[in-house]
Amino acid sequence: MTIGTDILRPDQILTPDQVARGMTGDAGVVTTTVEKAVNWARSNAVWPALFGLACCAIEMMHTQASRQDLSRFGMEVMRASPRQSDMIIVAGRLSRKMAPVIRRIYDQMPEPKWVISMGDCASCGGVFNNYALVQGVDEIIPVDVYVPGCPPRPEALIQGILKLHEKIQAEKLDGWRDRAPQDDRA
Amino acid sequence: MIGALIQGMGVTLRTMFRKPLTVQYPEHKRPVAERFRGRHELKRYENGLERCIGCSLCSAACPADAILVVPAENSDEQRFSPGERFAEVYEINMMRCIFCGFCEEACPTDAIVLEHEYELAAYDRRETIYTKDMLLVPPGASGDDTPQDTRGRDVPFRMGGMDYFSVPIVARIGAAPGTAPVPAAPSEPDTAPEAQAPSL
């Protein structure tokens, strides 16, 4: 195959499913394999940044503790530093005063990064439908998985995490910048 | 010093032979408590009619304003629930819901019950709004799906310890005795009148 006019289009060598997932170029076989390997590695070592804001944080600690044991999923370390974390679990109600902080922490995390919104308050404000609280952290940062519950059981959080793993395993290698507008000041 | 070291390592040694505490969650699910409040379900009577009569008391009791009820009128041709009205739209926003169970307490017909399902995670906020067809349980073996055609048959039901009839009481006893068609005996009442009254 010569590079030029008779180059194969992506839809001639890729299945429609692969085209829908955004795979392009002639090296389709190679990129799918690399993508699979990278996604497998990423989904099996998602280090969470702890962002406990309220009572959901108690359940988050419980999830981390020995009975539920998040290290079964390669998440044994809750990093207090955003620079070392891949995923942030927002656990609890987010006040408007706290909103710039969480945005800054999110911007400081290295890509690729994911967000789990744990509990009613983080997901949409929950029972606190008032001026003081952000009605859902997705006003501030892009959320991948919402976990309803007040607070969710540890099992419910783990189910959300497993849903996130499924999402990571179906992701593309590029396109991270398109997910949310980035803040260059971080 | 050596003694303290041995003592400390003894604790470590002891825990090595202890049974692991960890629950292997996705494979093995720990049973929840009997009174655990999880995802809601809308219940039915044994004859398949929906218990919900669209009174919106659950919606009024909800501290998080998570429930939306839009009632509509029943008719004998298209009957969803005994009584005058049924819930045409019944939506619960699981993200607002705090699973307090006030809706369950407020319900006069025990239509809404918080069951034991807790796996509710979603990729999208819109996915967490549960509509009536997601909440309503399927009809049991002895009942038909709604709407039912109840023309010509009586639909007795029991609510708050009292007997109600789908045919208005005036039509039943207003006419002179002997001329009014007396409905047949309750074919499939939900609870016998002498059974215990539903707890409210």
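This is a predicted model: local features need pLDDT of at least 70, side-chain atom pairs count only at pLDDT 80 or more; totals for chains, interfaces and linings use all residues.
1. A polar contact, as used in this note, is a pair of N or O atoms within 3.5 Å; within protein, one of them must be able to donate a hydrogen and the other to accept it. A polar atom of the R44(B) side chain lies 2.9 Å from the backbone oxygen of G48(B), so the pair falls within the 3.5 Å limit.

2. Staying with R44(B), this arginine sits in the loop of chain B that runs between β1 (40–42) and α2 (57–61). Buried or exposed, at 13% relative accessibility? R44(B) counts as buried, because the cut-off for that class is under 20%. Its contacts, leaving aside neighbours within four places in sequence, include L49(B), E50(B) and R51(B). Also among them are L136(B), V137(B), P138(B) and P139(B), together with D144(B), D145(B) and T146(B).

3. Two further residues of chain B deserve a look at their backbone. Most residues other than glycine have a negative phi. S56(B), in the loop between β1 and α2, has a positive phi near 65°. D65(B), found in the loop between α2 and β2 (67–73), also has a positive phi, of about 55°, and is not a glycine.

4. In chain A, please check two peptide bonds. Most peptide bonds are trans. The bond joining E111(A) and P112(A) is cis, with omega about -5°; P112(A) belongs to the loop between α5 (99–108) and β3 (114–118). The bond from C150(A) to P151(A) is cis as well, with omega near -15°. P151(A) is placed in the loop between β4 (145–147) and α7 (154–169) of chain A.

5. Now to the interface. How many residues of chain A are in contact with chain B? There are 33, and they meet 26 residues of chain B. The two chains bury about 2700 Å² between them, with 56% of that area on carbon and sulfur atoms. On the chain A side, R67(A), P148(A) and R153(A) lose the most area to chain B, together accounting for 24% of what that side buries.

6. Two salt bridges are found across the interface of chain A and chain B. R125(B) forms a salt bridge with D138(A), where the closest N and O atoms are 2.7 Å apart.

7. Which elements of chain A give two or more residues to the side that touches chain B? They are α6 (119–124), β4 and α7. The largest share comes from α7(A), with nine residues. By residue class, the side of chain A that touches chain B divides into 11 nonpolar, 11 polar and 11 charged residues.

8. Finally, a word on confidence. The model scores ipTM 0.76 and pTM 0.77. Chain B averages a pLDDT of 81, and 76% of its residues score at least 70. Over residues 184–189 of chain B the pLDDT is below 50, and this stretch has five contacts in the model beyond near neighbours in sequence. Residues 191–200 of chain B also have a pLDDT below 50; counted in the same way, that stretch has 14 contacts.

Methods
Residues are numbered from 1 along each chain as its sequence is written. Chains are lettered from A and ligands numbered from 1 in the order in which they are written. Side-chain values use heavy atoms; hydrogens and water are left out. Helices (H or I, at least four residues) and strands (E, at least two) are DSSP runs, numbered from the N terminus. Buried means under 20% relative accessible area, exposed over 50%, partly exposed in between (1.4 Å probe, protein chains only). Contact means heavy atoms within 4.5 Å. pLDDT is the predictor's confidence in each residue, from 0 to 100. Buried area is the accessible area (1.4 Å probe) that two parts lose on being put together, summed over both. A salt bridge is a side-chain nitrogen of Lys or Arg within 4 Å of a carboxyl oxygen of Asp or Glu. Ala, Val, Leu, Ile, Met, Phe, Trp, Tyr, Cys and Pro count as nonpolar, Asp, Glu, Lys and Arg as charged, and the others, Gly among them, as polar.
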